[in-house]
Protein chains: 2
Amino acid sequence: MTGTSDADAPVPRTSPPIIAVDAMGGDNAPGEVVRGAVRAVRELGLRVLLVGRRTEIAAQLAEEGALRDVPVVHAEDTLAMDEGALASWRRPRSSAAVACRLIRRGDADALVSAGSTGGIVATSTVRLRTQPGVLRPALAVTLPTGPVPTIMVDAGANADAKPEMLVQFAHLGCAYAQTAFGVERPRVGVLNIGSEPGKGNKLIRRASELLAAEGSESMDFRGNIEGHDLMLGRVDVVVTDGHTGNVALKTIEGTAAFTMDAVRDALTSSTMAKAGAVLQRGALRRLRERFDSETYGGAALLGLNGTVVIAHGDSHPEGIAQACRLAHDLAGGRIGDQIRRRVPHRSAHWLHRRSEER
Amino acid sequence: MTGTSDADAPVPRTSPPIIAVDAMGGDNAPGEVVRGAVRAVRELGLRVLLVGRRTEIAAQLAEEGALRDVPVVHAEDTLAMDEGALASWRRPRSSAAVACRLIRRGDADALVSAGSTGGIVATSTVRLRTQPGVLRPALAVTLPTGPVPTIMVDAGANADAKPEMLVQFAHLGCAYAQTAFGVERPRVGVLNIGSEPGKGNKLIRRASELLAAEGSESMDFRGNIEGHDLMLGRVDVVVTDGHTGNVALKTIEGTAAFTMDAVRDALTSSTMAKAGAVLQRGALRRLRERFDSETYGGAALLGLNGTVVIAHGDSHPEGIAQACRLAHDLAGGRIGDQIRRRVPHRSAHWLHRRSEER
């Protein structure tokens, strides 16, 4: 590792947050990622810098006529899309690792990357570390429910979870709902296989008991949520382990795509239907956009000392720009402070220490 | 419990299987269930009998002009839809329990019920018992992939599973694929959160190792399947624990319904789109039917001494008739023999005994 200021605390900041975009992460890096960063600056007015191989980034910026608009921080190494968690240990000079270093130094507030989820989770967990009291960082995604999206935590960072971790995931999700959507006392549900209390596997039953016992002023625990409720917006935060959450998220994506394809096939299956489809193009295009993951900004890795947003691996410029907007909203809304207020109160260790102080 | 012949072995049968329909199970029982049984007899040519309160069933049969078409076996008690597993112990004279007794006596081959899944799983597990070597019965559902459906096991019978159980679920699913769809060497995948080997939680990683080590002639193990692959028909059988499987199944149902509703809204959002919708009514109706769970016949509980099919709780007559057809196909195809051939070969206990015989 280079640099001596890695352990420095982030500088308090009242100006708009600075987003460090990993220019080398994703299937379409660096070209489309750089274009997305330019779009975030020009169209959304965000403060963005790009991290990665300077010459490649500069060439793309020049093509966009944006050399003066987006600063570049050089990083000689990259994480490959098929590299997993161990990659983070091996590549201290990767663009993602260098972006984390900028955050630790206070030179940036957030990381946006379309790199492999496993690699970015591992890199940022090792380099940014968890906030005090947080057992494990968790991936939060928003589901396209309306009018306010439902946040699902954990969407895949922790394949094996413990009940206490699920309680923290609830608080992480609440901090997200409050910061990004202004929900003061979020409704929280646990993803389960039945609606009645006492249903489910050991992990979920125990987590439900713990959540019900919290009686929190900052959270409105609603008990079980089933798979068919996920898209109905019945709660603001859905809590689950990373295995179930990841399967549910990808099942939603796959089923929505499958259904839309089936609709398209049905609408072009006869001359009459084809004629109808022409009349409806606008309505269907807007619907497709609603399901398009690019509009949701990606997954937020919550609970670290710094905001991390992981965009889809195949993100195009609009997806990168939306991920930057999400990172801006979370970092600008000081989600870290929200989490700090919520999580220490739930930590047995902290409660113990506090009772000694009395 | 009444009757002394509960322990009798089922009588071998070459004639078409007899389906015992639980007339009292489901939100629309007994009326719609009786009408479904009549439809199964008249339109599908199946052998069906009805179990439940004789006077109520007879009244409905009379209304259908079907008193001579469907025999009735009286059962004075019923399981309520909100009764769970414990209900099975408390109600030996429930319609579901009496139907199980008919199967054990050899007077029927299969049970079809639209009662509560928890109650029917518990009742039939206690009363029919697992086949030799089978650790736990599992719920199998078919996903609407084409041309051959993908079977998912377990869809919710076992919220907490062990790796050895998942290996058996694979064999139960293969027996289903072979019996119902004629797939000789089914492709099997494990539902996981990544496509590469070594991904996933402890349960899935260990189950994958065991399945890969089997090198079975009767099964083509393909490794991991992700949530977005579920609807693509990449494998014939998807193996998962009951928690994840139930969440995935209900997420598919919820997302498909959500998407279809969104399509309907999009198609009626403007005058132009409305005009188009008129031209497309037929195509969209056929698509909706494809997603309609009534056409898939319900969930099969596999691994018991007798065929059990659990229809949707809100089944209408067509759903009950399709559940009867599935029960007919499974029992008539002797799925029990298939499971017997597959599962003992995988049981460590059985292997041990066999090596002693040599």
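Is A:Lys199 buried, exposed or partly exposed? A:Lys199 is partly exposed, with a relative accessible area of 34%, where buried means under 20%, exposed over 50% and partly exposed in between (1.4 Å probe, protein chains only). This is a predicted model, in which local features need pLDDT of at least 70, side-chain atom pairs count only at pLDDT 80 or more, and totals for chains, interfaces and linings use all residues. Residues are numbered from 1 along each chain as its sequence is written, chains are lettered from A and ligands numbered from 1 in the order in which they are written, and side-chain values use heavy atoms, with hydrogens and water left out.

A:Lys199 forms a salt bridge with A:Glu196, with 3.9 Å between the closest N and O atoms; a salt bridge is a side-chain nitrogen of Lys or Arg within 4 Å of a carboxyl oxygen of Asp or Glu. A:Glu196 is also partly exposed, at 39%. A:Arg222 and A:Asp220 pair at 2.9 Å; A:Asp220 is buried at 17%, while A:Arg222 is partly exposed at 46%. Over all chains, 30 salt bridges are found.

In chain B, helix α2 (residues 54-63) has B:Ile57, B:Gln60 and B:Leu61 buried; helices are DSSP runs of H or I of at least four residues and strands runs of E of at least two, numbered from the N terminus. These buried residues fall within an arc of 100° seen down the axis of α2(B), so they line one face of the helix; the arc is that of the directions from the helix axis to the C-beta atoms. On the other side of α2(B), B:Thr55 and B:Glu63 are exposed.
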